[in-house]
Amino acid sequence: MADLLTDAEFDKFRKIIYDESGITFSATNRSILDSRLKERLREKGMSDIELYYQLIISDKEEMKVMLDSVTTNLTRFFRNQPHFDALINYVIPHILEEKKKTGDRTVRVWSAGCSTGEEPYTIAMILKDILPAPFTFQIMASDISLKSLMVGKQGFYPSSRIAGIPENYLARFFTKTAAGYQVNRDLMSMIKFDYHNLRNDSGSRNLDIIFCRNVLIYFDEPAQLATVNRFWDSMGDHSYLFIGHSESLFGMNTKFEFLKTQWACLYQKQV
């Protein structure tokens with residue numbers, strides 16, 4: 001099958017995707033956009049790409065579905081273990097030390113670009129395991145992919161997807177079924193899954209930790225900077241930002257401080 005998009009159409013879709021989400025499609029990944037849109041047109045029973053373009057600009061729900069269809073969702077439990085080692089051994093002890101000064105007993109976390117939920121569930125298992133009484137936690141998990149969010153909300157994973165979870169966590173936080181593993185309800189209740197486009201302010205404030213890993217790589221520099229600055233606004237005075245190991249804020253005009261621990265590198269907001 002020939003390419004779906006002409007050069008002019010590719011530019012139109014590339015621009016509207018960027019304007020709506022910050023995701024950048026270049027000439028090198030044009031074929032990905034082309035194939036994802038072909039699939040969406042087949043699902044809609046449409047053949048005219050221009051009519052589909054008119055549909056997405058007039059129908060907000062179809063715009064969400066289209067953005068969902070062109071995003072990449074790759075994740076797993078305990079992905080990049082050194083980040084979680086830094087969370088356990090450095091970040092949480094420092095956050096609790098600060099909270100003891102204020103009387104605040106809740107650790108607030110945002111898993112931004114949470115995909116199908118493995119990351120926020122990993123964080124939840126760790127916090128459930130290591131937080132001393134009377135501390136508790138809340139996790140907000142967001143993504144631009146509605147399909148991925150539904151998987152996270154359901155909390156069910158086939159056996160092939162649970163690699164990396166320690167045996168004691170698997171026994172404590174999951175129920176084995178014939179088809180796979182179901183996250184237990186008490187852990188599920190600690191996470192709020194919600195649709196969020198990182199082009200917009202989340203409305204959250206005083207967050208202690210943000211995980212936004214392997215998301216910024218899909219943005220160009222202006223979109224990266226705007227997103228990171230919105231993270232700053234949503235975080236508390238002594239808080240921590242995790243980004244992907246291939247991502248960096250170096251050369252970017254942000255207020256975050258680079259932090260190198262013996263386990264992993266991350267960023268901190270210290271006011």
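## A bridge between β3 and β5

In this predicted model, P158 has G180, a residue of β5, as its bridge partner. The two strands involved, β3 and β5, pair in the antiparallel sense over 3 bridges. Strand β5 covers residues 180–183.

## The sheet

β3 and β5 belong to an open sheet of 3 strands, in which the order is β3-β5-β4 and the pairing is antiparallel. The edge strands are β3, at 156–158, and β4, at 174–176, and each of these pairs on one side only. From one strand to the next, the twist averages 25°.

Strands of a sheet are held in pairs through backbone hydrogen bonds, and the pairing can be parallel or antiparallel. Here the antiparallel form applies, with β5 placed between β3 and β4 in the strand order.

## The cavity

How many cavities of 30 Å³ or more are there? The count comes to 1. The volume of the largest cavity is about 40 Å³.

Its lining consists of W110, H196, L198, N200, D201, S202, R230, F231 and S234.

By residue class, the lining of the largest cavity divides into 3 nonpolar, 4 polar and 2 charged residues. W110, L198 and F231 are the nonpolar members, while D201 and R230 are the charged ones.

Terms used: Residues are numbered from 1 along each chain as its sequence is written. This is a predicted model: local features need pLDDT of at least 70, side-chain atom pairs count only at pLDDT 80 or more; totals for chains, interfaces and linings use all residues. Side-chain values use heavy atoms; hydrogens and water are left out. Two strands pair if DSSP finds at least two bridges between them. Helices (H or I, at least four residues) and strands (E, at least two) are DSSP runs, numbered from the N terminus. Axes are lines fitted to C-alpha atoms, for helices over the stretch in contact, and angles run from 0 to 180 degrees between N-to-C directions. On a 1 Å grid over the protein atoms alone, a cavity is a set of points where a 1.4 Å probe fits but cannot get out, and a pocket is an open set with protein on both sides within 12 Å along at least five of seven lines; lining residues have an atom within 4 Å of a point. Grid points are joined across faces, edges and corners, and a volume is the space filled by probe spheres set on the points.
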